[in-house]
Amino acid sequence: MSFLLEGIKNITIDQIVMYVVGIILIFLAIKKKLEPSLLLPMGIGAIIVNIPNSGAIGESGAIEWLFSVGIEASEIMPLLLFIGIGSMLDFGPLLSNPKLIFIGSAAQAGIFLVIILATLLGFDIKDAASIGIIGAADGPTSILVSQKLNSNYIGPITVAAYCYMALVPLIQPFVIKLCTTKKERLMKMEYNPRSISKGTKIIFPIAITIVAGLLAPESVSLVGFLMFGNLIRECGVLDSLSKTASDVLTNLVTLLLGITISFTMVADKFVTWQTLMIMGLGLLAFVFDTVGGIFFVKLINLFSKKKINPMVGAAGISAFPMASRIVHQMGIKEDKTNYLLMHAASANIAGQVASAIAGGVILSLFI
Amino acid sequence: MMKLFIMSFNKDMVMDALNIAWKGFLALFIAMFIIFLLILVLNHAFKPRKKNE
């Protein structure tokens, strides 16, 4: 009967640490409701793959198979998730107020600053770029870019990306208050939406796919799948497909993505100092993104007659719709008549597009 | 061990990172500027019909 003790005999301290990490992720998902659809599968997956002689990994292991087919071979899982995200996005607010599109670019500053910081900390340039992309505030982009760049740290990068996306309501208000004065937060903005024709809404995703594809060919799967999802939504003849993409497909892929990513959370790869550094750098990426967006708006305001509330700059990150809601709530908190939701939503949608393009730009610079 | 890792940064790598950072950030702004122009053109070309027309 000694075989019953084999598992217990072979267990290592690092594996026990991973059980604790798994339990923490499950706790955050259930008790704190932080990205539960992803953190919970990742948490249980972290425990499964770290059982000594785990049958879920190895040649015939189910989780390893899911990883090699769904992520390693073609990155199909994050891409399928992009179809779902695209089918949920309404580009209307951005199309009616296009000048806010630049906020989306400025709020990606964290990506590029963290790439520099990560190399200063000793990371290899491709790993640094993969860590920087945490600042895209977009889980599927982080997974796709780090996988395409063959990063050694896909696990910690994914955990950081999803944890900080869930923590946006804690991170952003603190940074926004630090970077803005009360007078700036009270700034009101007029909202006169231009009505957008159906033709514009249909041609926009097609045109973006062509433009992004020609400018950064590596981004075409990223941006193309996002826009494909949006085209299904806007075309008006595929309502049931659009509903399936935004509901069933997204849920199904998310369910499998979390447990699949847990393959990269094997103790000997995860329990390292580098993981702690990646968590710190990921947090900095989110902070720099928010700061970048806010200060870009302040810069525009120096030259513009119609002032933009600097808090709207913080909504330029890709975490949708969380970032725009936070900005709106902070506006209301300062003055009950200060409605910023639609402006913030425009910047937030610009951030979604910018983060996907930023991922493609980084891939184009490397591949 | 962590200290050793941090001390191992390579000057060439940092220069590469700086190079990628400015090129990437600029490329992102250029791409978004093109999308901005595209939106202006689309909004101009496909104006919504007024109800009384």
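In this predicted model, C163(A) is tucked away from the surface: its relative accessible area is 9%, so it counts as buried. C179(A) comes out at 12%, and since buried means under 20% relative accessible area, it goes into the buried class too. As for cysteine pairing, a search of the whole structure turns up zero disulfides over all chains.

Helix 9 of chain A, which runs over residues 125-132, is another buried part of the model. Seven of its eight residues are buried, so the rest of the structure largely encloses this helix. The buried set is made up of I125(A), D127(A), A128(A), A129(A), S130(A), I131(A) and G132(A). What do these residues pack against? Within chain A, their partners are helix 8, helix 10 (139-148), helix 11 (154-166), helix 18 and helix 21, and chain B joins in with its helix 2 (11-45).

Once neighbours within four places in sequence are set aside, S346(A) is in contact with P93(A), L94(A), N97(A) and L100(A).

Then there is the meeting of the two chains. Chain A brings 45 residues to the contact and chain B brings 33. Together they bury about 3,600 Å², and 86% of that lies on carbon and sulfur atoms. On the polar side, four residue pairs are in polar contact between chain A and chain B, counting pairs with both residues at pLDDT 80 or more, while the number of salt bridges between these chains is zero. Which elements of chain A give two or more residues to the side that touches chain B? They are helix 6 (92-96), helix 7 (101-106), helix 8 (109-120), helix 14 (198-215), helix 18 (273-303) and helix 21. Sorted by class, that side of chain A has 33 nonpolar residues, nine polar ones and three charged ones.

Technical notes:
Residues are numbered from 1 along each chain as its sequence is written. Chains are lettered from A and ligands numbered from 1 in the order in which they are written. This is a predicted model: local features need pLDDT of at least 70, side-chain atom pairs count only at pLDDT 80 or more; totals for chains, interfaces and linings use all residues. Side-chain values use heavy atoms; hydrogens and water are left out. Contact means heavy atoms within 4.5 Å. Buried area is the accessible area (1.4 Å probe) that two parts lose on being put together, summed over both. A salt bridge is a side-chain nitrogen of Lys or Arg within 4 Å of a carboxyl oxygen of Asp or Glu. A polar contact is a pair of N or O atoms within 3.5 Å; within protein, one must be able to donate a hydrogen and the other to accept it, and residues adjacent in sequence count only if both atoms are side-chain atoms. Helices (H or I, at least four residues) and strands (E, at least two) are DSSP runs, numbered from the N terminus. Ala, Val, Leu, Ile, Met, Phe, Trp, Tyr, Cys and Pro count as nonpolar, Asp, Glu, Lys and Arg as charged, and the others, Gly among them, as polar. A disulfide is a pair of cysteine sulfur atoms within 2.5 Å. Buried means under 20% relative accessible area, exposed over 50%, partly exposed in between (1.4 Å probe, protein chains only).
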